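Hi,

Here's the structure I said I'd pass on.

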Amino acid sequence: MSIQLSQVFAIAPHHRFQWEEAQECFVILFPEGMVKLNQGAGEILSLVNGQHSVQQIIDALKAKFPGADDIDGDILAMLELALSKGWLSEVAQ
Amino acid sequence: MSKTASLGRSEVQKEIAMNNGVAQSVTRTQPLWLLAEVTYRCPLHCAFCYNPTDYDKHTQNELTTEQWINALREARKLGALQLGISGGEPLLRDDIEEIVVEAKKLGYYSNLITSGVGLTEKRIQAFKEGGLDHIQLSMHDITEEINNFITNTRTFELKKKVAAMIKSHGYPMVLNVVIHRYNIGHVKEILEMAEALGADYVELANTQYYGWSLINRSQLMPTMEQLQAAEKVTNEFREKHGNKMKIFFVVPDYYAERPKKCMNGWGEVFMIVTANGDVLPCHSARVLPNMQFPNVKGDSLSYAWSESDAFNKYRGDAWMKDPCRTCDEKEKDLGGCRCQAFMLTGDAEIADPVCTKSPYRHLIVEAIEEAKNPVIASQPIIFRNDKNSRALMEGEFADRVKPFHALP
Ligand code: SF4
Ligand code: SF4
């Protein structure tokens, strides 16, 4: 499935996204376990809050990392992967 | 920021669940899961219970609320993220609400594993408000008669009510059904029932032979034919009903060729604290000979995890002997289960006898044959209750314990 820039996502129900001090990374927690996120994925998912559209997330990350060019595709790919894993759910507009 | 589309490394991803929710993962010497077996008291009397048969001696010296909260804090500092609250029946303690609140404060993802007995509207509301993340309901069978037979109480109607309660509080409905000879023929009904209850996940967990289920092994073990039929029914159900309800079918290790990677490796990701405060790398570790386990009443969890002899003894693979030592598959299963190896062979350092490379594989084959023997199989089930626990400790049922190298 292909994500639209106008879509809004939230962390899926029964999943928790949080910063882990002991592991120094963001994690996603769910009933059967957990996934440690790399820095990029953590940055992206920390902006997924049920309010920002995909476009807004991309703009915010571009502003935060001005040196990184051409990150749109990466961000979309990550969101698609997260969606396919069931970590995100779409928020109806 | 990273420019790859990978989302990071999966740390503990469920492929199959076993032993009360234990899952496969990458190894890592930091406890990620804390399993709190908060009490061994239980209103049910399941013949397949994996609790130790001598549990009765741990029912009068349970940890206090403060001791549990302290254990939660220490484990969190060590890196634990997932908390499983189980038993016995955890709801027999009236401080689960407090434990849940503390777990939330500390940042755990908390799971309550319950038979549902003792779950009331008031309690589930408190759990929800306190931040409990997840409830796993064990469902013993759908046929009331069989359910009552195997758990020895009338709890089935109650389970239906509890399932509805869990759903209505917005929890995912996760059912765990232990499979054995008396319900394996009802897998279709079990799945239909689970669907009617709105289950999101169903775990059909074939009995693993520890504790009570080990002394009842010949009575509980299904045949290969029954197992295959149940798997077929499960696959047909999946085909017909799609993926909305996820079904995990956990194959019993006796019918496999390789052992399970028990607890994901000794001292790798799981830390268990028992009702009386023992700190264990595996639920049944206390059956092993010449082992002293730390206890939270006198030892820190940090000591228990990193320094204690018990946690270091079977960590990694340095302890192995042949065939495991020179086996090219050893990282896959780490030689299987130490407790199963010891209980069945008398040698805790030998390959799990489930493995077809084990020189003791014949013990598994014999157990399967024995379960088919109508005379042996018709011996009475020893139900899990305080009286039988005391009797077993006093040496009764000797013929049922004799084949094993310790009291299961
Ligand atoms: S398996 Fe049955 S008897 Fe054992 S703790 Fe669970 S509910 Fe109680
Ligand atoms: S011989 Fe040992 S390590 Fe090799 S597969 Fe069997 S149990 Fe595992």
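This is a predicted model: local features need pLDDT of at least 70, side-chain atom pairs count only at pLDDT 80 or more; totals for chains, interfaces and linings use all residues.

Chain A first. Count along and you'll get 3 helices and 5 strands, in the order β-β-β-β-α-α-α-β. Its radius of gyration is 13 Å, close to the 12 Å that the globule rule gives for 93 residues, so chain A is as compact as a globular protein of that length. If you draw a box around its C-alpha atoms along the principal axes, you get roughly 35 × 30 × 20 Å.

Now zoom in on two of the helices. In chain A, helix 2 (residues 54–64) and helix 3 (residues 72–84) have axes that come within 10 Å and cross at roughly 130 degrees. These two helices of chain A are therefore oblique to each other, and their crossing is right-handed. On the helix 2 side the contact uses Val54(A), Ile57(A), Ile58(A), Leu61(A) and Lys62(A), while helix 3 brings in Asp72(A), Ile75(A), Leu76(A) and Leu79(A). Sorted by class, that's 7 nonpolar residues, no polar ones and 2 charged.

What surrounds the ligands? Ligand 1 has Cys42(B), Leu44(B), Cys46(B), Cys49(B), Asn51(B), Gly88(B) and Arg384(B) around it, which split into 4 nonpolar, 2 polar and 1 charged. The shell of ligand 2 includes Cys324(B), Cys327(B), Cys355(B), Arg258(B) and Asp333(B); by class, the ligand 2 shell has 6 nonpolar, 1 polar and 4 charged residues.

Cheers

Key
Residues are numbered from 1 along each chain as its sequence is written. Chains are lettered from A and ligands numbered from 1 in the order in which they are written. Side-chain values use heavy atoms; hydrogens and water are left out. A residue is near a molecule or strand if one of its heavy atoms lies within 4 Å of it. Ala, Val, Leu, Ile, Met, Phe, Trp, Tyr, Cys and Pro count as nonpolar, Asp, Glu, Lys and Arg as charged, and the others, Gly among them, as polar. Axes are lines fitted to C-alpha atoms, for helices over the stretch in contact, and angles run from 0 to 180 degrees between N-to-C directions. Helices (H or I, at least four residues) and strands (E, at least two) are DSSP runs, numbered from the N terminus. Angles under 35 degrees count as roughly parallel, over 145 as roughly antiparallel, 65 to 115 as roughly perpendicular and the rest as oblique. A crossing is left-handed if the near helix is turned anticlockwise from the far one by less than a right angle, and right-handed if clockwise. Contact means heavy atoms within 4.5 Å. The radius of gyration is taken over C-alpha atoms; the globule rule is 2.2 Å times the number of residues to the power 0.38.
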